[in-house]
Amino acid sequence: MPQLKVLFAPEEIKEAVERLAREVSRDYQDKNLLLIGILKGSFVFMADLIRNLNMPLEVEFVALSSYGRGRKESSGKVKVVRGLRTPIKGRDVLVVEDIVDTGITLSFFLDYLRRRKPLSLKVCALFDKAPCRKVSVPIDYLGLSVPDVFIVGYGIDYDERFRYLPGLYFLEEE
Ligand code: PRP
């Protein structure tokens, strides 16, 4: 049975989210920012982030998947499960991502968005697993760095389990 070990307690995540919200608020105060979350993983982060942003904003979601059921490694192919349903041409757009691992999902999505000609395009990622990067991607607002361990919690799953956990945990095989 795999054991769950704490990597970041809920309080540490809360502090990181609040710091990111301050940075985003400072830069987008009067821009009617459009935040686009990548489902499923980002829904918890998005919910906490926007409640710390005291400014006009809109929220959209797309669903992308590259891991799939039972996979611990990216398949390398990103599937658009649910595409963007609003025009972003001329908008200030901020991509909200729970974790950047290989960078394959984010790199794919930034290309997808650039083709739709936003006015500006930046990235806010709560967790960065930099040791696993395969494709270089920009992260303009970064929460916390994580080592190369398999993590779950705060929206992130393993085989659809553990998304509800309030902290970030790593799975240690027995
Ligand atoms: C996870 C996570 C990121 C992506 C990061 O999503 O939420 O979107 O992987 O990995 P990468 O940098 O290696 O591409 P996943 O494909 O597991 O889908 P989910 O969010 O629906 O669980």
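How many bridges join strand S2 to strand S3, and do the two run parallel or antiparallel? I looked this up and found 7 bridges between S2 (residues 33-39) and S3 (residues 57-65), which run parallel. Strands here are DSSP runs of E of at least two residues, helices are runs of H or I of at least four residues, and both are numbered from the N terminus. Two strands pair if DSSP finds at least two bridges between them.

On the source, I note that this is a predicted model, in which local features need pLDDT of at least 70 and side-chain atom pairs count only at pLDDT 80 or more, while totals for chains, interfaces and linings use all residues. Residues are numbered from 1 along each chain as its sequence is written, and side-chain values use heavy atoms, with hydrogens and water left out.

Next I checked partners around S3. Leu35 has Val59 in S3 as its bridge partner. S3 is also joined to strand S4 (residues 79-82) by 3 bridges, and these two run antiparallel. Leu64 stands opposite Val80 in S4.

I then turned to the open sheet. It has 3 strands in the order S1-S9-S8, with antiparallel pairing. Its edge strands are S1 and S8 (151-152), each pairing on one side only. I count 2 bridges from S8 to S9 (residues 168-172), and Ile151 has Phe170 in S9 as its bridge partner.

Last, I looked at Gln3, which lies in S1 (residues 3-8). The C-alpha atoms of Gln3 and Ser107 are separated by 32 Å, at 104 residues apart along the chain.
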